[in-house]
Amino acid sequence: LVAADPRVLALAAQVAESREQDIPLLLLKLKGILSSASLGSEESKKIKQDIYSYDLTQYCMLVLRQDHFQLHGGWATAAQLAEILSHCCVGLEVKEDPEEFHKKFLPSAIDNLLILGRRLQARFIQAIKDEEKQDFLRWFQTVTDAICWLLGGHIQLTAYVLQSDHFLQLLITDDVETAILMMSVLHNLLKVNSSVLLQVDEETLHSVLDELVYKLSSTTNPAIGNAATKLLLVVAKFCKQLVKLLTTRYKGLKGLLSKQWTGKGFDRDLSQLLDLLYLEQSNGKGEMQRQHQAACVIQAMWRGFQTRKRLKKLPQAVTTLQRSFRAKREQELQHLKKQKEDEALKLQMQLQRQRSMRLFHERQLALLKIIHASQVDKYMEEMERKSALTIQRFWRGYRARRNFHQQRQSVKEYKAAVVIQRAVCKFLEKRRRRRSLSSWKDPKGLTDEQRLALQQKVDDYIKLHPASQMSEERSKELHMQAQEKLAQFLLRSRLDQRAAQRRETLLAQVNTDVELLMNAPGLAETTEKDLDVFMSRSVPVATKARQSHNTMLKYTRWPWWKKLGDEFMEDDVIPDDDLNAELGTLFIGGRK
């Protein structure tokens, strides 16, 4: 075994013994260690193997995942660590478990680099000062160079990067500087592995091409146009299938390129791309013409069908239009009528208010003439007090009515919940009774073998546990007792069921009466029709109600000393029990 590099060994020991916030600065020493050996030499490979074996690359990945505001050096340290991680992975020959390195470590490393690039891109766009923007752009370029270096050393990562959501988010940006850098990354990726476009799925390919065409159509910057044109030229040169995709998916691409980007400084690449597109169009011109004729035939048939269908529905449409017009006109007339009525009512109320105020002032003046001068202040104070009481009374009434209307919905919800709970309880009770009755039935579905096996088990149990001898008289007595208890249980259950039905009937009656009282109008709005609802047509019931009412009025007029107890009761005094019995015989709305 070859001894490990002492510098790597010492650095690994320092990292293991140092605090977490000091690790990023220690890892920056790897840059000097890597630069001490020439690129591609055996010494360089040995140093990278030692760095990987002592998990220093893992430390770099963990630091890149942290919050970069807490690092010493911030984003500059993160960009340098990204560059170090990329150089450590390129040219590294892992001898122990290479599958884990290629399938887990490298994808995780490229994901961390892409995430760091997205953060730097967002910071660059949000920066206001020019110095901050230049710093973030420099660090972002360092990270993109590290990504290109890592892709150049491991070609198998190109398809993974192209399908990554982070890469697409980096590419889809309106910023000019970062967009040019990302298109250069894509250009290097296609140079490294030009067949990667055929390895990715169709959705990813369409997303990349859509973004390139969008950049050509949405900007006039020559740098963006040059980079996008070069990328489309690389795509078109690689495969004719992709050229066909460009001509069919983006039909206005040729006109856009020739009109908007001619004479912008990259005419050579632009002319080559246009030649490829026009060549593909000329090859597929005959097919396009045949498809165009077929489409014209289909459109003519469809228009004829739609015209015939519309002519058939024309009378019905006219009828519907007339009906809707009449309904709208009627609605407008009703609205105008209601508006006029509201205006008349408003005017009438205003006149009535003015008349009342005038009468009030006249009455005030008349009273002031009658009242002595020394009593005027006292009279005015009394009038202010009465006015305040009137205002308070009206306000309390308004507030009580408002609270009542607000609580009406909650009362309805409570009643609905009670109804649902009652239905559920009925359902559970029926199922419970069905289960209790089903226990008396014989088991169904037993086969002959199961019946014989069950009978054998019963016989064996009887042999092992013989029953005590019982006389015939005792057996008959027990049978009669069981029959009596069963009859009592059935009678009691029937009585309980009747009582439950009666309770449900009374509850329904109470709910109906409560709803009738809640929906009743105020005393000022009561009419004779509303009064008939609370009156019974039955003469005995009306007589009983009148007697109960008179009894209640008589009871309320008693002096306080007659209500203290039995020791003050007189002959004509009605006990509370009798009074409750009298009140209990009242029925609302004439229902029993």
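Student: Is F136 buried or exposed, and how do you know that?

Tutor: We are looking at a predicted model, and in it F136 has a relative accessible area of 12%. Buried means under 20% relative accessible area, so F136 counts as buried.

Student: What makes W139 count as buried or exposed?

Tutor: The relative accessibility of W139 is 17%, and since the limit for buried is under 20%, W139 counts as buried.

Student: Where do F136 and W139 lie?

Tutor: Both belong to helix α8, where they are 3 residues apart, about one turn of the helix.

Student: Why is the pair of F136 and W139 called edge-to-face?

Tutor: A pair of aromatic rings is described by the distance of the centres and the angle of the planes. For F136 and W139 the centres are 5.4 Å apart, and rings pair if their centres lie within 6.5 Å. Their planes stand at 85°, and planes over 60 degrees apart count as edge-to-face, so this pair is given that name.

Student: What makes Y555 and W558 an edge-to-face pair?

Tutor: The rings of Y555 and W558 are 4.8 Å apart from centre to centre, with 70° between the planes, and the cut-offs are again within 6.5 Å for the centres and over 60 degrees for the planes. Y555, with a relative accessible area of 19%, is buried because the limit is under 20%, and W558 counts as buried at 12%.

Student: Why is α6 called roughly parallel to α8?

Tutor: The axes of helix α6 (residues 75–89) and helix α8 (residues 130–153) come within 9 Å and cross at roughly 10°. Angles under 35 degrees count as roughly parallel, and therefore α6 is roughly parallel to α8. Their crossing is left-handed, and the residues in contact include W75, A79 and H87 of α6, with F136, W139 and W149 among those of α8.

Student: Which classes of residue make up the contact of α6 with α8?

Tutor: By class, there are 11 nonpolar, 3 polar and 1 charged residues in that contact.

Student: At what angle do the axes of α12 and α13 cross?

Tutor: Helix α12 (residues 202–218) and helix α13 (residues 222–238) have axes that cross at roughly 140° and come within 9 Å. The crossing of α12 and α13 is left-handed, and their contact has 8 nonpolar, 2 polar and 1 charged residues.

Terms used:
Residues are numbered from 1 along each chain as its sequence is written. This is a predicted model: local features need pLDDT of at least 70, side-chain atom pairs count only at pLDDT 80 or more; totals for chains, interfaces and linings use all residues. Side-chain values use heavy atoms; hydrogens and water are left out. Axes are lines fitted to C-alpha atoms, for helices over the stretch in contact, and angles run from 0 to 180 degrees between N-to-C directions. Helices (H or I, at least four residues) and strands (E, at least two) are DSSP runs, numbered from the N terminus. Angles under 35 degrees count as roughly parallel, over 145 as roughly antiparallel, 65 to 115 as roughly perpendicular and the rest as oblique. A crossing is left-handed if the near helix is turned anticlockwise from the far one by less than a right angle, and right-handed if clockwise. Contact means heavy atoms within 4.5 Å. Ala, Val, Leu, Ile, Met, Phe, Trp, Tyr, Cys and Pro count as nonpolar, Asp, Glu, Lys and Arg as charged, and the others, Gly among them, as polar. Rings of Phe, Tyr and Trp (its six-membered ring) pair if their centres lie within 6.5 Å; planes under 30 degrees apart count as stacked, over 60 as edge-to-face and the rest as tilted. Buried means under 20% relative accessible area, exposed over 50%, partly exposed in between (1.4 Å probe, protein chains only).
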